[in-house]
Amino acid sequence: MNKTIYLDYAATTPVDKRVAEKMVDCMTNEGCFANPASSSHHLGREARGKVEVARRQVSALINAKPEEIIWTSGATESNNLALKGVAHYHTKVDPNTKQVTERKHIVTCRTEHKAVLDTCKFLEKEGYEVTYLTPECNGQICMQQLNDALREDTVLVSIMHVNNEIGVVQDIEAIAQICSDRDIVFHVDAAQSAGKIAIDVSKTPVDLMSFSGHKIYGPKGIGVLYVRETQRVQVEPMIHGGGHESGLRSGTLATHQIVGMGEAFALAQAELESDSLHISNLREKLWSSIKPLGGVQLNGFDEIYREDGKAQQVAGILNVSFEGIEGESLLYALSELAVSSGSACTSANAEPSYVLRALGRDDQAAQSSIRFSIGRFTSESDIDRAIEVIHQQVKRIRAFAA
Amino acid sequence: MLEYNALVENAFMHPQFVLPNNISLDLLQHSQAGARPHGVWFALYFDCNATKLYYKVYGSPYAIAAVETLARLVADGNLSIGQAFDAESLRQQLNMPYPYMNVLIKLEDAWMGLSTG
């Protein structure tokens with residue numbers, strides 16, 4: 001059997017060897033294994049030092065203050081903490097009816113990751129009201145629609161930076177300004193954008209931002225919630241027990257994971273430009289080779305940048321619908337390639353992608369879509385082989401029904 | 001994606017009875033069932049001697065494997081026109097989960113269409 005070609009970087013990335021080396025140094029008896037909370041001895045203080053270096057590395061990538069970085073177990077927890085934490089802090093619950101009585105409205109989008117959507121569903125059960133914006137057919141949110149959705153009692157807006165299925169970039173600067181003008185807390189799920197697009201929270205009034213280690217060549221099981229240091233942004237903790245992370249997230253800090261995430265963010269900052277160029281070139285080659293097959297539709301933008309120079313698409317995600325092929329057969333035919341149909345978390349489910357359905361794609365187009373996601377370690381020969389397999393198999397499977 | 005057994009894999013990767021485009025349809029008895037927007041569609045074709053079953057198919061690997069297996073049964077002389085095929089046995093051979101049963105229902109419809117046509 002041929003080697004599997006990994007084109008699923010949006011699902012997860014391999015840990016960069018340079019990251020793994022730093023992590024190993026924090027695990028064994030010879031390394032920096034002590035509890036970072038053990039301030040009574042040198043080993044604990046040394047571990048604490050490494051945690052703080054990592055905090056600075058993460059904050060540097062987004063131009064935040066180190067103290068605004070809160071360690072979590074991943075972007076899912078960060079999203080939960082942001083949404084539930086803000087909602088619970090800023091609202092009041094009637095002790096008799098147990099119903100939310102003030103600032104009970106949240107705005108999000110139908111194409112968000114399940115980590116946000118399911119959290120919103122949970123909050124709805126608690127009595128919060130959620131407006132789910134429908135994006136335009138290109139995947140982006142219409143600012144007028146957002147403006148119209150905001151209410152006097154809106155407490156939070158949560159919009160992802162880059163969509164995990166189609167790679168479309170939301171204009172978070174514009175959304176942040178709208179929210180800031182209305183004194184509404186703005187949360188951004190940036191799991192798919194860190195290391196791919198420059199983020200500067202000193203210029204963009206985002207209040208909360210979720211990050212994941214494993215999407216950026218760091219380890220799984222570690223994430224960050226950026227919490228802007230301002231009176232306006234208050235978050236109620238979900239996990240209690242020790243008051244770690246300024247009381248926002250208790251639990252012993254996983255030094256090796258944190259060090260890994262920090263190193264991954266430092267590498268991302270140093271290599272953002274070269275990674276972007278490498279990935280853009282491979283994307284261009286892949287897409288320009290798929291197009292001649294005919295009957296293919298790109299879900300997302302063809303051009304990475306808008307005319308004004310702003311990014312509207314990340315290069316690493318190329319989502320394509322193949323006409324005339326049933327989705328499951330397409331995925332099976334392409335089994336030499338590690339790719340996703342719909343979002344990685346729901347690939348076991350034959351339901352058409354809810355993201356593509358929200359964009360107005362019909363069931364067939366949504367079901368026959370494949371997400372190719374390219375990363376730092378994808379080689380040109382990987383793309384050459386992928387092109388060969390795609391051509392061979394798409395023609396073969398189409399012939400079944402032609 | 002589901003894990004498929006060796007029979008499904010073989011039928012999917014090495015089908016022998018997909019209708020070639022150079023065969024004249026006038027010579028063939030024809031029946032179809034299902035619809036592409038519903039995720040499964042079969043078109044079955046018998047040659048004039050009713051000894052070979054050809055097909056066109058749109059659907060999951062199970063749909064492709066089911067119709068290919070049916071065609072192989074016909075070619076081997078284990079199934080002939082007018083005879084009902086054992087859908088449950090086919091489901092078991094392909095290790096097809098129950099939610100895919102609509103595939104076999106549509107295949108039966110197409111097969112019955114040939115038999116009665």
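Tutor: Before we start, one definition: domain bounds here come from an automatic or database domain assignment. This is a predicted model, where local features need pLDDT of at least 70 and side-chain atom pairs count only at pLDDT 80 or more, while totals for chains, interfaces and linings use all residues. Residues are numbered from 1 along each chain as its sequence is written, chains are lettered from A and ligands numbered from 1 in the order in which they are written, and side-chain values use heavy atoms, with hydrogens and water left out.

Student: OK, into which domains is chain A divided?

Tutor: Their centres, taken over C-alpha atoms, are separated by 28 Å. As for the division itself, chain A splits into domain 1 (5-12 + 272-401) and domain 2 (17-265).

Student: How much area is buried between domain 1 and domain 2 of chain A?

Tutor: Buried area is the accessible area (1.4 Å probe) that two parts lose on being put together, summed over both. Contact means heavy atoms within 4.5 Å, and here it takes 31 residues from domain 1 of chain A and 33 residues from domain 2 of chain A. Carbon and sulfur atoms give 55% of the area buried between these two domains, and the total is about 2,700 Å².

Student: Which residues in domain 1 of chain A lose the most area to domain 2 of chain A?

Tutor: Together they make up 21% of what that side buries. They are Val314(A), Tyr354(A) and Leu359(A).

Student: And how many salt bridges does the rule find across the interface of domain 1 and domain 2 of chain A?

Tutor: A salt bridge is a side-chain nitrogen of Lys or Arg within 4 Å of a carboxyl oxygen of Asp or Glu. Polar contacts (pairs of N or O atoms within 3.5 Å, where within protein one must be able to donate a hydrogen and the other to accept it, and residues adjacent in sequence count only if both atoms are side-chain atoms) join 15 residue pairs between the two domains, both residues at pLDDT 80 or more. For salt bridges across that interface, the count is 3.

Student: Which element gives the largest share of the side of domain 1 of chain A that touches domain 2 of chain A?

Tutor: Helices (H or I, at least four residues) and strands (E, at least two) are DSSP runs, numbered from the N terminus. H7, strand S10 (317-322) and helix H9 (354-358) of chain A each supply at least two residues of that side. The largest share is 4 residues, and it comes from H9(A).

Student: Let's go inside chain A. Arg55(A) and Glu245(A) meet in a salt bridge, but how far apart in sequence are the parts they tie together?

Tutor: Side chains of opposite charge can pair when their charged atoms come close. Here the N to O distance is 2.8 Å, and both Arg55(A) and Glu245(A) are buried (under 20% relative accessible area; exposed is over 50%, partly exposed in between, with a 1.4 Å probe and protein chains only). Arg55(A) lies in helix H2 (residues 42-62) of chain A and Glu245(A) in the loop between strand S8 (223-227) and helix H7 (255-290) of chain A, so the parts tied together are separated in sequence by 190 residues.

Student: With which residue does Glu77(A) form a salt bridge?

Tutor: The closest N and O atoms are 2.6 Å apart. Glu77(A) sits in helix H3 (residues 75-90) of chain A, and its partner is in the loop between S8 and H7 of chain A, 172 residues apart. Both residues of the pair are buried, and the partner is Arg249(A).

Student: Is Glu380(A) buried or partly exposed?

Tutor: The side chains of Glu380(A) and Lys285(A) meet in a salt bridge (2.9 Å, N to O). Glu380(A) lies in helix H11 (residues 380-401) of chain A and Lys285(A) in H7 of chain A, so the pair ties together parts 95 residues apart in sequence. Lys285(A) has a relative accessible area of 26%, while Glu380(A), at 46%, is partly exposed.

Student: With which side chain does the side chain of Ser210(A) make a polar contact?

Tutor: Ser210(A) is in strand S7 (residues 208-212) of chain A, and it counts as buried because its relative accessibility is 0%. The polar contact spans 2.7 Å, and the partner is the side chain of Asn79(A).

Student: Last one: how many salt bridges does the rule find across the interface of chain B and chain A?

Tutor: The contact takes 22 residues from chain B and 18 residues from chain A, and the buried area is about 1,800 Å². The rule finds 9 residue pairs in polar contact there, both at pLDDT 80 or more. For salt bridges across the interface of chain B and chain A, the rule gives 0.
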